[in-house]
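Have the viewer open as you read.

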Amino acid sequence: MEETSREAVATAVQRVAGMLQRSDQLDKVEQYRRREARKKASVEARLKAAIQSQLDGVRTGLTQLHSALLDVKDIQGSLADVSKDWRQSINTIENLKDVKDAVVQHSQLASAVENLKNIFSVPQIVSGTKLLIEQAELLQAHRKLMELECSRDDLMYEQYRMDSKNTSDMNLISIYFEDVQELSDELAKQLWMVLQRSMGTVRRDPTMLVSVVRIIEREEKIDRRMVDRKKQTGFIPPGRPKRWKDKMFEVLEGTVSTRIEGTQSVTREADKMWLVRLLEITRKYVLDDLIIVKNLMVQCFPQHYNTFNRFFTLYHNAVSTRVTELASEDLEANEIVSMLTWVLNTYKSAEMMGHPELFSECDINQMEPLLPQDVVDDLLSKYVKTFTSNITGWLRKALETDKKDWQKETEPEADQDGYYQTTLPAIVFQMFEQNLQVAAQIDGDFKEQVLKLCLKQMNTFLIRYREEAVTYKEEHLRDRQLPQCYVQYMIAIINNCQTFKESINSLKRKYSQSSEPTDSDAAIEKTLNEVAKEGCQFLLDEVFLDLERGRRMQMNGALCRGSLLTRRVAWGEDGGVHLHVLMNCGDCGKPRIYYEAKYQGSKVKKHNKNHHLNELLTRKWVTGSHAVDTICVTVEDYFNDFNKIKKPFNQEMTSEALRRVVVEYIKAVMQKRITFKNADERREGAERMIKEADQFKFLFRKLAAGEDTDRLCGAIAAIAEVFKLTDPTLLFLEVTTLVSKYPDIREEHIQALLAVRGDASREMRQMIIGTLSENKVSYSGLTQPIFKDITVPTMTMTTMTSMATAKLLK
């Protein structure tokens with residue numbers, strides 16, 4: 001208490017110190033004192049009220065304990081009186097034993113008298129019961145049967161009680177009542193027959209089904225009573241327990257199985273769609289039956305039977321058994337698809353087990369799989385194997401059909417944008433689309449698997465497609481007159497590559513959930529690019545074969561720049577082709593014949609020596625030649641057809657054509673076909689080269705060759721500047737400028753250029769080459785090389801001897 005008082009005083013002092021920290025708070029001392037007094041009075045009042053409440057509770061508890069003690073004493077007295085009365089009544093009970101035995105004997109005699117009427121009338125009751133069963137009066141028949149069984153069972157029980165070892169009397173009773181068991185069996189047959197037809201019975205006469213269920217329920221109660229009596233006495237009547245309830249469910253299960261198994265009305269030999277029809281009939285039967293169970297049959301069975309769920313399980317198991325049997329058969333690919341689509345999708349859909357009328361009664365997500373997963377995997381594996389074989393055959397057949405189109409004498413069809421194409425991509429991807437749609441019906445994961453398989457087969461197909469395109473080109477080279485539309489169909493082959501790319505991307509967007517590239521993507525992309533690139537090379541080869549072999553020859557009039565007006569092709573009786581080109585002159589604006597070219601057969605071409613590329617940088621070229629004009633017209637003429645090529649291949653092909661033209665031109669320089677004799681000839685040749693470089697630049701800008709046009713054509717002009725230079729002492733600077741612009745140029749190229757120039761001494765050539773070797777410019781490889789693939793022919797001993805002999809003779 002003292003410690004508590006000290007803590008209270010310390011707390012009070014602290015509070016007072018907190019209130020009186022400033023001088024102006026002294027005026028409020030009286031106010032603080034009154035507030036604290038009120039708080040103290042309030043706390044004391046609450047303490048008094050709490051103590052008073054506790055005292056009242058203790059007083060009430062003591063009163064109740066005193067009352068309970070008095071009640072306990074009264075109960076003890078009553079128990080003592082009861083015990084005294086019970087001891088006195090024991091002797092009285094023993095004296096009443098004789099009365100009890102007399103009562104038992106009297107009840108037995110009364111039961112025997114009561115059963116005498118039934119015992120003597122058994123034959124008549126049996127006959128009447130049979131008639132009731134035949135008339136389908138099942139409830140009345142069962143009542144009669146119960147009376148007969150009750151009489152028999154009571155007699156047997158009494159006999160068992162009196163002398164359980166007296167089998168002769170027991171057999172006598174059994175023989176007398178032997179017709180009762182036959183009646184029971186006959187009634188059971190009628191019950192099972194009604195249950196087997198329950199789906200029709202419940203719609204036609206539901207009371208009949210209710211009667212059957214009531215009879216079975218009665219028998220179940222009798223079974224339970226007899227089993228309980230056996231536990232007490234050891235006696236059970238013959239034929240008990242009947243277990244008709246268990247038999248009822250067996251009959252219903254057999255009925256459902258029979259109904260499902262009986263849905264197959266046709267075979268594969270009679271109808272290719274037999275499985276589809278069978279599954280559809282099964283779906284309809286199951287759905288209709290379960291709706292009948294929900295709306296009608298549930299009302300005919302006791303609630304604790306859980307009738308709908310029981311039937312739902314029966315149908316599920318029956319269907320599962322049936323489809324498992326079907327899956328074990330040798331199903332074809334389309335039948336596997338029909339089966340898996342039905343099992344994995346239709347079965348749980350709103351068209352069957354997930355129907356709105358059934359949805360509220362069961363949870364389809366808790367159902368066991370209709371087919372085991374290993375069976376599903378086996379079917380999928382079998383389908384994939386068959387699909388792989390089929391699609392390989394389809395693709396092979398599609399390619400063979402497309403190859404036949406390549407030999408046609410008419411141009412291929414064009415799409416809405418005017419680009420040549422064949423039907424091959426549409427056919428291929430229509431096949432893929434159809435199979436992917438089928439796979440999507442089965443399962444999302446399987447759809448991804450089929451897509452990967454399609455892409456893998458596509459890669460193999462494209463490799464074959466590439467081989468056939470190469471073969472097509474080689475056959476054409478053996479006779480360039482055939483096929484007549486080689487160029488157009490090669491363009492279509494190139495365009496097909498772009499169509500294949502677009503179609504593949506479309507399939508992946510539509511049927512793939514993953515954006516990750518597959519294993520086949522890179523291979524397909526590579527093969528398509530190679531096919532398109534090789535196709536473009538084949539077309540360019542066709543152009544340069546014409547330029548090299550002089551296929552476009554007979555020039556009519558001077559050539560000039562202009563725009564194409566008309567181009568006519570006429571086929572001659574001798575197999576030759578006459579090409580007439582009319583252009584709008586860029587100088588005067590008047591229409592004029594730009595050139596005429598006559599295409600001769602391969603035998604004629606063999607003897608033709610007027611090769612336009614071979615004319616470059618020759619004496620004929622110096623004196624005046626239309627070789628470059630013919631080259632430009634030929635290239636432009638071909639590119640009027642090449643405009644039918646889709647982007648980006650069109651752009652790449654144009655750039656490659658420019659590069660090849662420039663390379664061929666520079667090759668002509670490096671082959672040292674001419675050596676300039678003097679400064680005037682060098683000047684004229686250089687100016688001609690610059691002019692022809694401008695012609696190439698003009699042409700390929702028109703054809704939209706790309707950003708490298710100036711650089712590639714500039715290589716010809718840069719070489720021309722080396723030839724044009726009049727002061728040989730500045731030759732090193734000019735060559736250095738050329739090398740800095742085109743660092744892939746090699747020493748042999750410089751040697752060839754100086755040899756064509758004709759005025760560079762041996763010492764000067766050695767000095768230039770040596771200095772360039774010491775200060776060699778590194779090639780970064782950032783730009784496409786020009787001189788890399790240009791070889792300089794080496795001078796053989798025979799050539800040197802012939803040149804020396806010519807000098808001596810001269």
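## The big picture

The protein chain has 30 helices and three strands; helices here are DSSP runs of H or I with at least four residues, strands are runs of E with at least two, and both are numbered from the N terminus. Of its 810 residues, 40% count as buried (buried is under 20% relative accessible area, exposed is over 50%, partly exposed is in between, with a 1.4 Å probe and protein chains only). Among contacts with a separation of 6 or more, 73% are between residues 24 or more positions apart; contact means heavy atoms within 4.5 Å.

Some ground rules: this is a predicted model, where local features need pLDDT of at least 70, side-chain atom pairs count only at pLDDT 80 or more, and totals for chains, interfaces and linings use all residues. Residues are numbered from 1 along each chain as its sequence is written, and side-chain values use heavy atoms, with hydrogens and water left out.

The average pLDDT of the protein chain is 81, and 86% of the residues score at least 70 (pLDDT is the predictor's confidence in each residue, from 0 to 100). Confidence is highest in H18, at a mean of 92, and lowest in helix H20 (residues 602–607), at 32.

Over residues 551–581 pLDDT stays under 50, and the model has 106 contacts beyond four places in sequence for them. Residues 796–810 also stay under 50, with two such contacts.

## Helix H18 and its ends

H18 covers residues 486–511, 26 residues in total, and spans 36 Å from first C-alpha to last, close to the 38 Å expected at 1.5 Å a residue (the expected span is 1.5 Å times one less than the number of residues). Mostly covered, H18 has 21 of its 26 residues buried.

Ser 512 is buried at 15% relative accessibility, and its side chain makes a polar contact of 3.3 Å with that of Glu 448. (A polar contact is a pair of N or O atoms within 3.5 Å; within protein, one must be able to donate a hydrogen and the other to accept it, and residues adjacent in sequence count only if both atoms are side-chain atoms.) Not counting residues up to four places away in sequence, Ser 512 touches Glu 448, Leu 451 and Leu 507.

## Rings

There are 22 aromatic pairs in the structure. Rings of Phe, Tyr and Trp (its six-membered ring) pair if their centres lie within 6.5 Å; planes under 30 degrees apart are stacked, over 60 edge-to-face, and the rest tilted. One of the pairs is Tyr 742 with Phe 787, edge-to-face at 6.1 Å centre to centre and 65° between the planes. Tyr 742 lies in the loop between helix H27 (731–741) and helix H28 (747–757) and Phe 787 in the loop between helix H29 (762–774) and helix H30 (797–809), so the pair ties together parts 45 residues apart in sequence. Tyr 742 is buried at 4%, and Phe 787 is buried at 0%.

Elsewhere, one aromatic cluster takes in Trp 406, Phe 429, Phe 432, Phe 461, Tyr 465, Tyr 472, Tyr 486 and Phe 500.

## Around H28 and H24

Which residues of H28 are buried? They are His 749, Ile 750, Ala 752, Leu 753, Leu 754, Val 756 and Arg 757. Their cover includes H24, helix H25 (679–702), helix H26 (709–724), H27 and H29. Just after H28, Gly 758 takes a positive phi of about 90°.

Over in helix H24 (residues 649–670) you'll find Arg 660, buried with a relative accessible area of 16%. The side chains of Arg 660 and Gln 537 are joined by a polar contact of 3.3 Å. Beyond its neighbours within four places in sequence, Arg 660 is in contact with Gln 537, Leu 540, Asp 541 and Phe 544.
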